[in-house]
Amino acid sequence: MEPTASRRRITIVDVARHARVSVTSVSKVLRNAYGASPEMQAKVRRAIEELGYRPHAGARGLRGQTYTIGVMLPDIRNPFFPEILDGITDSLEETEYQVFLGPGCNGEKAEARVTEAMIDRGMDGLVLVAPVSSRAHLEHVASSVPTVVVGRHGSSAVYDTVTDDDIEGAALVVRHLAGLGHRRIAHIEHHETDPTRLAEMPNARRADGYRQAMRAHGLQECIDVLSTSSYTQEGGHRAALELLARPASARPTAVFAGADIVAMGVLEAVAEAGLSVPGDLSVAGYDNTTFAAFGPISLTSVDQAGQEMGRDAVRLLLRRITDHDRPSAKVTLSPTLVPRRSTARPAE
């Protein structure tokens, strides 16, 4: 039995012959270049679909564009980051761009490996979500390839940013809990020591917003911040165990977790202690992830519009790919609070 011959790769010449147009016309359609009429585009795209033509990524890269976008996510287990990714992929659905993901693993070395690999593979642009790398590294990356940074405050002349107003988001939570009658409101933050990250990372901004809001409501003596080494369910669980180990008179009546994933750990610890939410402890999160709306959990949370963040990131990135030297832009979204059953008036 003779071996089956491998199928020959369809080329741009085959597409031109099938559509009965010139190779130049096909090239114009593939590049979205000026001069391709709607009729020409329809003929070429129909031929591409019928033949199953796929542009050769390496060849496109040699011509200066690969139509690939690299997206770095810090932690794929955090349910908020897929919200941003959905916004990115939805915005690119009608384009030729494809998204490639890389895990940053919440560490500078891992981020450097991922970003350098994306640069080496000729990706047309990068979206870096909540990077922890130094400003110098971010600017090094952005000087090599068009870059948008999502979820990190501060600004740069070489990359664009999309952020949430984290100080206002924290104020919304404190205002809600104080309005219910809570005074002993604790906050669980992600511990930071680096001066730049203290100024730019959203977790640090939320902790600042919590402190400011507590003072604004006359609750400065009740400010109670617990630091966790990781913004994870495990980190929230450890912090909650520390809170629940206090004498009942010294425990908070409400906890503001800096992220929904952290709030999950708090809910777990409360259940393990045989207590109830919100009967014994009100709990609020941040991100309004899909599990926050899940009926048995019903977590009060701040919605920072993750999908809109992703859409804004794509809009800025495509503009920067077209014009590398344009002035940098900064988009700040306004958060909203979504009250649910995890918060209520404190027990008498």
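Analyst: One term before we start: an axis here is a line fitted to C-alpha atoms, for helices over the stretch in contact, and angles run from 0 to 180 degrees between N-to-C directions. With that in hand, helix α1 (residues 12-19) and helix α2 (residues 23-30) pack at an angle of about 105 degrees. Their axes are 8 Å apart.

User: What does that angle make α1 relative to α2?
Analyst: Roughly perpendicular, because angles of 65 to 115 degrees count as that. So α1 is roughly perpendicular to α2.

User: Which residues of α1 and α2 meet?
Analyst: From α1, Ile12, Val13, Val15 and Ala16. From α2, Val23, Val26, Ser27 and Leu30. By class, that contact has seven nonpolar residues, one polar and no charged.

User: Back up a bit. What kind of model is this, and what is its mean pLDDT?
Analyst: It is a predicted model. The mean pLDDT of the protein is 90. Of its residues, 94% reach 70 or more.

User: Where does pLDDT stay under 50?
Analyst: Over residues 1-6. For that stretch the model has zero contacts beyond four places in sequence.

User: How many bridges join β5 to β11?
Analyst: Four, and the two strands run parallel. Strand β5 covers residues 160-164. Threonine 161 stands opposite lysine 330 in β11.

User: How does α5 pack with α13?
Analyst: Helix α5 (residues 81-92) and helix α13 (residues 306-322) pack at about 45 degrees, with their axes 6 Å apart. That makes α5 oblique to α13. The crossing is right-handed.

User: Which residues make that contact between α5 and α13?
Analyst: On the α5 side they include Glu83, Ile84, Asp86 and Ile88. On the α13 side they include Met309, Arg311, Val314 and Leu318. The residues of this contact divide into six nonpolar, five polar and four charged.

User: Switching topic. What about the sheet with mixed pairing?
Analyst: That is an open sheet of six strands too, in the order β7-β6-β8-β9-β10-β12. Its edge strands are β7 (224-228) and β12, and each pairs on one side only. Neighbouring strands are turned by 20 degrees against each other on average, direction ignored.

User: How do β9 and β10 run, parallel or antiparallel?
Analyst: Parallel, with three bridges joining strand β9 (residues 282-286) to strand β10 (residues 300-303). Glycine 285 stands opposite serine 301 in β10. Tyrosine 286 stands opposite valine 302 in β10.

User: And in which sense do β10 and β12 pair?
Analyst: In the antiparallel sense, over three bridges. Strand β12 spans residues 336-338. Here aspartate 303 stands opposite threonine 336 in β12.

User: Which strands does α10 lie across?
Analyst: Helix α10 (residues 202-216) lies across β6 (185-190), β7, β8 (254-257) and β9. Its direction is at about 160 degrees to β6.

User: And α12, which strands does that helix lie across?
Analyst: β6, β8, β9 and β10. Relative to β9, α12 runs at about 155 degrees.

User: Last one. How does α11 pack with α12?
Analyst: Helix α11 (residues 233-244) and helix α12 (residues 260-272) pack at about 45 degrees, with axes 6 Å apart. The two are therefore oblique to each other. α11 passes α12 in a right-handed crossing. Residues in the contact include His237, Ala240 and Leu241 of α11, along with Ile261, Met264 and Val266 of α12. By class, the contact of α11 with α12 has nine nonpolar, four polar and two charged residues.

Note on methods: Residues numbered from 1 in each chain as written. Predicted model: local features only at pLDDT ≥ 70, side-chain atom pairs only at ≥ 80, totals over all residues. Heavy atoms only, no water. Parallel < 35°, antiparallel > 145°, perpendicular 65-115°, else oblique. Left-handed = near helix turned anticlockwise from the far one by under 90°. Contact = heavy atoms within 4.5 Å. Nonpolar A, V, L, I, M, F, W, Y, C, P; charged D, E, K, R; others polar. pLDDT = per-residue confidence, 0-100. Pairing = 2+ DSSP bridges.
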